[in-house]
Each structure stands twice: as structure tokens, then as C-alpha cells.
Amino acid sequence: MRVPRYWRNIPFRYRLVGWRCNHCGTFHQEKPIICKRCRHRELYEVELPKTGKLVAYTIVQSTPKEFNLVSPYAIGLVELDDGTRILAQLTDFREDELREGLRVEAVFRKIRVDGEQGIIEYGYKFRPLIE
Amino acid sequence: MARVTGVAIHGYGGYVPRYRIRAEEIGRIWNRGDPELPVNEKTVAAPDEDATTMAVEAARIAVKMAGIDPRKIGAIHVGSESKPYAVKPTGTVVSAAIGAGTSLLAADLEFACKAGTEALQLITGLVETGRIEYGLAIGADTAQGRPGDALEFTAASGAAAFLVGSMDNAAVASIEAWCSYVTDTPDFWRRPNDRYPMHTARFTGQPAYFRHIIGAVKSLMDNDGYSLNDFDYFVFHQPNVKFPLAVAKSLGVDEKKIAPGLVADVLGNTYSACSLLGLVKVLDSALPGQAILLASYGSGAGSDAFVIRVLEGISEKRERVPKLSSLINDKIYVDYAVYLKFREKISMR
């Protein structure tokens, strides 16, 4: 089941493209039939900004086996420049850099590799912004 | 080869990972001292990076600089010798990640360290004939050196992308001419199921690197009416620091014209991205009107040489993205053990 699920989510995983409710503004990663918050029927496609700030983060010490190579890793709540909040893995950071309010940017990374023969799942992570 | 007409670079992007390992740290493990070290340090891809992710990062910078709608891109060629898949194209992933359309020629290329410049030649041809409006040429590699081998000091990771289209007033640089020089020379190879390449040391220098680069450069001079004095910068493939300096010396090129595009000392040899990252670095500071001679080298063997002239549009466009030097200078050093982990050289079974 992993390949179809990965494939379906490519627009959001690769480019942060999803659907926003025309009525209440709620963002959805996959196109719902009606808004999951206000049940409005009109949604429009939107590409989220690729920069934002770190609102909160935690270091995951006890990681699933498939994340051994990046262990321990960090998960952050990122508030993008348009106010949308998303959860993301953080990458390429020194531990002393992480703090609330840190400016971050989306990068394209390997998220999960299905063994020696399976698919390589790509997607977004966030790293400290390079200016 | 006739000169190219009406083709220009509209955006370019260089990407290197944040991690570095110092050559002396590799030398500490394998008992090699300072005078033998070919570079100061090299880039190390993070465990969540591969040639495809770096190709995407470079492409995003190039598209942002160009400021064009990515759906106008008609071809993406990615040159790499470290494709994450044996069978599954890289160009399609890049296309989806930058938001290009589906009416697109996506093809991957391999020719050791010169696959990236081949991509640039093919895109140039497609634009020149009017077959596509814009095309993206990318060189990207996570080069592998066998632990303890001489290549381990230099085999590095990086990517460079060039968004090419028809000439207009906003273009960054024109591509005036290109030519190639190839022979069947067994200096370096990797068989399909092997992880690390083999190389025949006695072939590496004179019969391989020097013969082909000088052959390609001379062909440009003799057949396209250029003289070495016409150029403000020279960028040669950089498997180490010594070779590009030596080829410049044998051509009689002033070291000052090659220094701005030298990146191997701080990045290592980024294979398909190597000479193109040198070009990115030069473009980051070159002035409109200046001319650049670029010559790649790929084992097996061949060299692609280009004449590139900087245009007025560069001044405004290159301010849209961070300079390559900001990526080069922003680094985290790792020791040899972390390097082994990151590059998956530790057997977990």
C-alpha cells in the first residue's frame, strides 16, 4: 500500500500544494469533498510558501528502525509566511541552532527508503534558512 | 562546430550539502600526511540527500532566478553517475518538484564527470532549433570513493542547474559556442553492480584529463575563431586543485583567470556538478560583457568546452537568490565515523 499512498501525496510532499477552504481558510493536504472544518464546498488549490518560522520542536530519540540513519531527528511545528502551520521533520541543523522563532525553509529530501528494493519516498523537510 | 545563435542562460543555481569532512581527517584514518592531500575539504551529503534531492535544490534556485513559469520548461536533462535508481528517471522527480508541466522531454545522462555539461549541450540544441521554449540542464552527484582509496579524499556531493532559453534582454549569459572531444580511454569506470569505481592511475593525467580538455579547448580556438586572450575567466573540471592549475599553465592561461572558478579546494570533486559549480561561482561575480571558457572532463573519456558571455540581465537576476558562496561558507564538519554513517558505508547486516 505504500506506493499508491506516496504517489497520491506527491503535490503536497514535493511542493506543499494543497487545498484551502474558500469560506473559513482551512488548509487541507489532500482535496476533501467538503471542508473538514466548516463543511463548505468551495476549495481552491494553493501552493504554500516555502519559508516560515519554527514555532515548537522536539527531538525524537527513540526512532522507528527505518529512520536509523537520521536518528535522533527533530520534528518541528512550522508557521509558514502566510500563517499556515504544518508539521515537518527538521534537517541540516546544529542542535544549538534550534529555537522558537528560528527562520526555516523547505528543502527536498529523502523521507523514507523502503529497503534495498522498494521505493524511495521524497518530500519536504525544513532547515535553517540560508540567506 | 558552428557557433550557437540566440541561446541564453536565464537562471542558474548551485547547491552543495551543509556537511564537510576535512581531507586531513580522512588522512588521519589512512595515514596520509598534508603534502599528499589533493583538497582541503569536501562536501558530504546528509543521509537524507541523494543526487535527485540535490538536483531539485539546484533546479529550484535556477527557476527562481529566471523568474519564469516552470510550466514553460520543455525539457529536463539530468547528468549523474550516482542515480538513486538504476531504472526510474530523475528528471520526472525534478519536474514534479519544481512544478513543470507534463509536455516534457525528461532524460538522464551518464558520462562520469561530464554528464552535466552534456545536458547543457542538448538543452542548447533544443532551444536553438526552436523545439522548446525553455530547458533545464542539471549535473548532480553523490560521488563514492572506496574507503582508503585515493578517490575518497575528493569524491564529493553537489549539483548545478542551468535554465536555458532563447535570447532576450533579461538573459543572464549567452552560450556562444560549444564543442566536444572524446576518445575510448579506460581511465575510470564502474561496473553495474559495483558500489565503488575502479581507476587506472597511470591513465588519469596526461592521456585522460589533459589530452581531452586541451583537445576540446583547441578545437574551439581553431574551429570557432576564438583566441585564449578573448576570455576573462577559465573554468576547468576540478578532480583536485592541481589538475586545473596544471592545464591552465600548459595552455598559458594566467592563474588569476582561473582562481575565481576554483571550488575543488573547499568542495572536493562533485563529479557531474564539478565544473558547473565553478561556472556558477564565476557567474556570481562576473560583469556584463565578460567571457568565460568552461571545459568539463568525464572519464571514459571526453571534454565539453563552452564559450559563455555574461549579459546585462545578470546584475538584477542574481540578486533574487543567495550566492553559492553562502552555501559554501555555511558548513558543519563531521568526523570520519559520522561520514561513514552518513554515506552508508557501515554494514548494518
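**The domains of chain B**

Within chain B, domain 1 brings 48 residues into contact with 41 residues of domain 2. The model under discussion is a predicted one. The domain assignment places residues 7-171 together with 323-342 in domain 1 of chain B, and residues 173-314 in domain 2. Taken over C-alpha atoms, the centres of domain 1 of chain B and domain 2 of chain B are 16 Å apart.

Several elements of chain B build the side of domain 1 that touches domain 2. At least two residues each come from strands E1 (7-15), E3 (41-44), E6 (134-142) and E7 (157-166) of chain B, and likewise from helices H4 (115-128) and H10 (324-329) of chain B. Of these, H4(B) provides the largest share of that side of domain 1 of chain B, namely 6 residues. Sorted by class, the side of domain 1 of chain B that touches domain 2 of chain B contains 23 nonpolar, 17 polar and 8 charged residues.

**A helix pair in chain B**

Two packed helices are described by the angle between their axes and by the distance between those axes. In chain B, helix H2 (residues 51-66) packs with helix H3 (residues 91-98) at an angle of about 45°, and the two axes are 9 Å apart. The crossing in which H2(B) passes H3(B) is right-handed.

On the H2(B) side, the contact is made by B:Thr52, B:Ala55, B:Val56, B:Ala59, B:Arg60 and B:Val63, while H3(B) contributes B:Val93, B:Val94, B:Ala97 and B:Ile98. The contact of H2(B) with H3(B) comprises 8 nonpolar residues, 1 polar residue and 1 charged residue.

H3(B) itself is mostly covered, with 6 of its 8 residues buried. The buried residues of H3(B) include B:Val93, B:Val94, B:Ala97 and B:Ile98, each of which also takes part in the contact with H2(B). B:Gly91 and B:Ser95 of H3(B) are buried as well. Just after H3(B), B:Gly99 adopts a positive phi of about 80°.

**The domains of chain A**

Chain A is likewise assigned a domain 1, covering residues 1-47, and a domain 2, covering residues 49-131. The C-alpha centres of domain 1 of chain A and domain 2 of chain A are separated by 20 Å. Their contact takes 7 residues from domain 1 of chain A and 10 residues from domain 2 of chain A.

On the side of domain 1 of chain A that touches domain 2 of chain A, helix H1 (2-8) and helix H2 of chain A supply at least two residues each. H1(A) gives the most to that side of domain 1 of chain A, with 3 residues. By class, this side of domain 1 of chain A has 5 nonpolar and 2 charged residues, and no polar ones.

**Where the chains meet**

The contact between the two chains draws 17 residues from chain A and 22 residues from chain B. Helix H2 (10-15), strand E7 (103-113) and strand E8 (120-128) of chain A each supply at least two residues of the side of chain A that touches chain B. The largest share of the side of chain A that touches chain B comes from E7(A), with 4 residues. The residues on this side of chain A divide into 9 nonpolar, 1 polar and 7 charged.

Notes
Residues are numbered from 1 along each chain as its sequence is written. Chains are lettered from A and ligands numbered from 1 in the order in which they are written. This is a predicted model: local features need pLDDT of at least 70, side-chain atom pairs count only at pLDDT 80 or more; totals for chains, interfaces and linings use all residues. Ala, Val, Leu, Ile, Met, Phe, Trp, Tyr, Cys and Pro count as nonpolar, Asp, Glu, Lys and Arg as charged, and the others, Gly among them, as polar. Axes are lines fitted to C-alpha atoms, for helices over the stretch in contact, and angles run from 0 to 180 degrees between N-to-C directions. A crossing is left-handed if the near helix is turned anticlockwise from the far one by less than a right angle, and right-handed if clockwise. Domain bounds come from an automatic or database domain assignment. A residue is buried if 20 or more other C-beta atoms lie within 10 Å of its own, exposed if 12 or fewer, and partly exposed in between; C-beta atoms are placed from the backbone.
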